[in-house]
Amino acid sequence: MKAVLFAGAKIEDYSFCKAYVEQADIIICCDGGMHHTKALGIKPDYIVGDFDSAMPEVLEEYRRMGISIRQFPTHKDETDMQLGLFLAMEQGATQITMIGGIGDRFDHTLANAHLLLHLLKNGVKGVLVNEKNRVELIDKETILYGKKGDLVSTIPLSMIVEGVTLEGLEYPLTDYNLALDDTVIAISNVMMGEEAKVSIKSGYLFVMQTRD
């Protein structure tokens, strides 16, 4: 079951959203994320949050449409994105795409990236995307799809990620132990074709496809 979550970070070009939305079984707006579905002309299945960043008229419009709305107090332990993730998992999602979670607030962006670990540990495939970035967290392997010249960066979340092997990239690695506090050697690698593979033996590794 595929879920798409919209959070409130700025999106200038919505074209990347189409493929994710078309494959989604459920769409959830996290607070201000409802402005993105409004712009896209999409009717979400759920709306969650404390609504401190939502325009009241948009919220009321969705309320009149009969969309399920779950409002929480402003003083809470969870972020709005977390609330959306919990709801998606409650509904049985096995794949979750977070849109609008990479923005000007670095603390929110970093927190959203770390939420990928919660998903991974619960058997849910998660990805954080915007116009220029696709971020996932792996504990085994992943196949990347793109085009020649696409940039790929691999950054440890664990203190040590053992057995890192990079294939189909300009700068390959074979069974390399990548440490969080070591030399940053795996940034801005380059895809040599339309596919690449990243695999590890242990630990948690961020795999990021990016463009300038």
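Helices (DSSP runs of H or I, at least four residues) and strands (DSSP runs of E, at least two) are numbered from the N terminus. The model is predicted, so local features need pLDDT of at least 70 and side-chain atom pairs count only at pLDDT 80 or more, while totals for chains, interfaces and linings use all residues. Residues are numbered from 1 along each chain as its sequence is written, and side-chain values use heavy atoms, with hydrogens and water left out.

A place to begin is the loop between β11 (173–179) and β12 (189–190), where Ile187 is found. Ile187 is partly exposed, with a relative accessible area of 38%. Here buried means under 20% relative accessible area, exposed means over 50%, and partly exposed is in between, with a 1.4 Å probe and protein chains only. Together with Ile155 and Val184, Ile187 forms a nonpolar patch on the surface, and the accessible area of the three is about 240 Å². Such areas come from the Shrake-Rupley method with a 1.4 Å probe, and for residues only the protein chains shown count as cover. Patches are made of residues with over 30% relative accessible area and no salt bridge; nonpolar side chains (Val, Leu, Ile, Met, Phe, Trp, Tyr) are joined within 5 Å, and like charges within 9 Å.

Ser188 also lies in the loop between β11 and β12. Ser188 has a positive phi of about 55° although it is not a glycine. Most residues other than glycine have a negative phi. A positive phi of about 55° is also found at Asp31, again not a glycine, in the loop between β2 (26–30) and α2 (34–40). Asp31 is buried at a relative accessible area of 1%, and Ser188 is partly exposed at 40%.

Strand β11 itself holds Leu178, which counts as buried at 3% relative accessibility. Leu178 and Leu110 are 68 residues apart along the chain, and their C-alpha atoms are separated by 20 Å. In strand β4 (residues 68–71) there is Ile69, which is partly exposed with a relative accessible area of 21%. Ile69 is 24 residues from Asp45 in sequence and 8.9 Å from Asp45 in space, C-alpha to C-alpha.

Next come the charged pairs. Side chains of opposite charge can pair when their charged atoms come close. A salt bridge is a side-chain nitrogen of Lys or Arg within 4 Å of a carboxyl oxygen of Asp or Glu, and the whole structure has twelve of them. One of these joins Asp175 and Lys201, with the closest N and O atoms 3.1 Å apart. Asp175 lies in strand β11 and Lys201 in the loop between β13 (195–199) and β14, so the pair ties together parts that are 26 residues apart in sequence. Asp175 is partly exposed at 42%, and Lys201 is exposed at 62%. Another salt bridge is formed by Glu136 and Arg134, at 3.0 Å from N to O. Glu136 is buried, with a relative accessible area of 2%, whereas Arg134 is partly exposed at 22%. Lys76 and Asp80 form a further bridge, their closest N and O atoms being 3.3 Å apart. These two residues and Asp50 are linked in a network of salt bridges.

On a 1 Å grid over the protein atoms alone, a pocket is an open set of points where a 1.4 Å probe fits, with protein on both sides within 12 Å along at least five of seven lines, and lining residues have an atom within 4 Å of a point. Grid points are joined across faces, edges and corners, and a volume is the space filled by probe spheres set on the points. The largest pocket has a volume of about 730 Å³. It is lined by 30 residues, and those closest to its centre are Tyr20, Val129, Arg134, Tyr145 and Gln209. Strand β8 gives the most to this lining, with four residues.

The second largest pocket has a volume of about 520 Å³. Among its 27 lining residues, Ala7, Gly8, Ser53, Asp80 and His108 lie nearest the centre. Helix α5 gives the most to this lining, with five residues.
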